[in-house]
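Hi everyone, thanks for making time.

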Amino acid sequence: MISVTLYIDGLYQYRERAWRMTLNPDHIFIISILSINILVWIVLSIPKNRKKLPSIYLITRSWWWMLALLFGCYLLAQITNAFGDYIYWWVLDGLFIVIGLQGLYEIFRLWRLPSKNKLLQKLAAQQSSQINAHNSASSLNVSNLSLLSVSHRGILDIGLLMLLVCLIISLLALHHLSFNRSMDGVLLFVLFASQFNDISQYLCGRLLGGRLFQRKLAPRVSPNKTIEGALFGSLLSASLATILGILVTPFSWVTSFAFAILLAVSGIMGDLLESAFKRHHGIKDTGTILPGHGGILDRIDSLLIGVPLFTVIYWLMY
């Protein structure tokens with residue numbers, strides 16, 4: 001009888017704790033982001049808007065599914081039993097490993113000419129209606145693309161490969177470090193600060209690009225990136241990430257802002273590195289798995305340098 005009573009009490013406390021979890025700032029943040037994303041998706045789904053902005057529609061749709069998958073795994077990984085143990089921690093680890101394997105596949109595929117030919121054909125078919133001067137690399141002769149310098153390929157490909165492996169290890173380590181230290185929101189903060197930086201750079205680049213600086217950020221590597229987009233986009237994403245950091249992490253606003261700037265700047269570096277990799281191989285995207293985005297590498301390039309750096313600092317300082 002006593003054991004049954006203790007079990008019921010433990011179950012009641014667990015249910016009460018689970019109810020309190022839904023009121024946590026990180027869960028409110030997840031609900032807000034998904035809600036905003038699906039509202040934008042609905043607006044863009046209107047035939048007139050979808051016809052006018054087809055690429056933005058695809059990007060928004062892919063974003064929603066990616067965020068739903070990531071946040072779903074994150075919430076599952078947070079579930080604990082009556083003893084406070086995380087019982088589904090492996091779900092988030094599994095997601096990171098799958099992402100890493102897909103990224104490795106996208107790199108290795110470009111080392112094999114038959115696989116590269118198929119990728120080029122898919123990209124050409126997917127983007128035939130949107131070809132412009134910047135995207136014309138997709139239609140280059142494949143035989144020319146295969147004549148790569150071995151030494152140059154080694155620098156770009158092996159470097160990107162090593163960074164990808166470091167990224168996956170860092171994500172796994174950061175997941176366990178933050179959860180074991182009861183700082184679950186740190187993982188959300190890092191992912192948001194890195195990924196939203198891409199969006200804010202794009203928006204600021206479209207609004208302010210060319211108004212202050214005539215020169216592009218890195219015209220030979222990524223002709224569309226502007227200095228205004230990088231500068232103001234980084235400040236915007238860092239400011240929003242700082243607010244999130246104050247709400248879901250133990251960091252002060254100064255620390256949150258410093259980390260956010262680090263992730264923003266390193267995100268730009270990772271993006272440019274991946275752009276150089278793609279330009280060297282003569283492709284616009286590394287894959288077609290994410291309509292509107294391209295491949296997995298196209299989506300996680302902003303994490304390649306910043307997340308490993310942050311993980312080391314977080315491990316040493318906290």
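Let's start at Thr249, which sits in the loop between helix H10 (227–248) and H11. When I say helix, I mean a DSSP run of H or I with at least four residues, and a strand is a run of E with at least two, all numbered from the N terminus. Before going on: this is a predicted model, where local features need pLDDT of at least 70 and side-chain atom pairs count only at pLDDT 80 or more, while totals for chains, interfaces and linings use all residues. Residues are numbered from 1 along each chain as its sequence is written, and side-chain values use heavy atoms, with hydrogens and water left out.

So, is Thr249 buried or exposed? Its relative accessibility is 9%, so Thr249 counts as buried. The cut-offs are under 20% relative accessible area for buried, over 50% for exposed, and partly exposed in between, using a 1.4 Å probe and protein chains only.

Who does Thr249 touch? Contact here means heavy atoms within 4.5 Å. Skipping neighbours within four places in sequence, Thr249 is in contact with Gly185, Val186, Phe189, Leu244 and Ser256. Take Phe189: Thr249 and Phe189 are 60 residues apart in sequence, yet 7.6 Å apart in space, C-alpha to C-alpha.

Helix H9 (residues 185–208) packs against helix H11 (residues 253–281) at an angle of about 55°, and their axes are 9 Å apart. Axes are lines fitted to C-alpha atoms, for helices over the stretch in contact, and angles run from 0 to 180 degrees between N-to-C directions. That angle makes H9 oblique to H11. For the labels, under 35 degrees is roughly parallel, over 145 roughly antiparallel, 65 to 115 roughly perpendicular, and the rest oblique. On the H9 side, the contact includes Phe189, Val190 and Ala193, and on the H11 side it includes Ser256, Phe259 and Ala260.

H9 also meets H10: their axes come within 7 Å and cross at roughly 150°. That makes H9 roughly antiparallel to H10.

What about H11 and helix H13 (residues 306–317)? Their axes come within 8 Å and cross at roughly 150°, and H11 and H13 are therefore roughly antiparallel to each other. Here Phe259, Leu262, Leu263 and Ser266 in H11 meet Gly306, Val307, Leu309, Phe310 and Ile313 in H13.

Now for single helices. An α-helix has 3.6 residues a turn, so residues three or four places apart point the same way. In H2, the buried residues are Asp26, His27, Phe29, Ile30, Leu34, Asn37, Trp41 and Leu44. They cover an arc of only 160° around the axis, which puts them on the same side of H2. That arc is taken from the directions from the helix axis to the C-beta atoms. The face of H2 turned away from the buried side carries exposed Ile31, Ile36, Leu39 and Ile42.

Zooming out, the chain has 13 helices and two strands, and buried residues make up 42% of its 318 residues.
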